[in-house]
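Please keep the sequence and the coordinates in view while reading.

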Amino acid sequence: MRKIYAIGFAAVAALPLAGCYTPEERAVGGALLGGATGAAIGAATTGRGSGAAAGAAIGAASGAIIGASTTPVYRDPYY
């Protein structure tokens with residue numbers, strides 16, 4: 001049952017990111033999502049606050065990089 005809640009939470013958390021179009025918006029959204037996920041994983045694996053902090057920092061940095069680099073490129077077909 002916890003797994004269903006976790007999957008549902010992840011899906012609901014990803015919904016606001018569907019409207020992000022610029023690299024800056026996607027970087028911020030990726031950092032938020034990555035930081036939250038990293039903190040949860042760090043806390044679950046270590047059971048300490050320092051593990052959660054390290055996971056949040058690593059997750060936020062990687063989420064921002066991945067979010068900014070995966071911005072779709074829209075090209076004008078008449079240009």
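A polar atom of the Thr-71 side chain lies 3.1 Å from the backbone oxygen of Ala-68. This falls under the definition of a polar contact: a pair of N or O atoms within 3.5 Å, where within protein one must be able to donate a hydrogen and the other to accept it, and residues adjacent in sequence count only if both atoms are side-chain atoms. The model is predicted, so local features need pLDDT of at least 70 and side-chain atom pairs count only at pLDDT 80 or more, while totals for chains, interfaces and linings use all residues. Residues are numbered from 1 along each chain as its sequence is written, and side-chain values use heavy atoms, with hydrogens and water left out.

Thr-71 itself belongs to the segment after H3. Because its relative accessibility is 16%, Thr-71 counts as buried (under 20% relative accessible area; exposed is over 50% and partly exposed lies in between, with a 1.4 Å probe and protein chains only). Beyond its neighbours within four places in sequence, Thr-71 is in contact (heavy atoms within 4.5 Å) with Tyr-21, Thr-22, Pro-23 and Arg-26.

Helix H2 comprises residues 23-46; helices here are DSSP runs of H or I with at least four residues, strands are runs of E with at least two, and both are numbered from the N terminus. The 24 residues of H2 should span 34 Å at 1.5 Å a residue, and this agrees with the 33 Å between its end C-alpha atoms; the expected span is 1.5 Å times one less than the number of residues. Just after H2, Gly-47 adopts a positive phi of about 75°.

Which residues of H2 are buried? They are Ala-27, Gly-29, Gly-30, Gly-34, Gly-35, Gly-38 and Gly-42, and their cover includes helix H3 (49-69). The C-alpha atoms of Glu-25 and Ala-64 are 9.5 Å apart, across 39 residues of sequence. For Ala-36 and Ala-57, 21 residues apart along the chain, the C-alpha separation is 9.4 Å.

Over the whole protein there are three helices and zero strands, in the order α-α-α. Of the contacts with a separation of 6 or more, 57% join residues 24 or more positions apart. Buried residues form 19% of the 79 residues. The protein exposes about 5,900 Å², with 71% supplied by carbon and sulfur atoms; accessible areas come from the Shrake-Rupley method with a 1.4 Å probe, and for residues only the protein chains shown count as cover.
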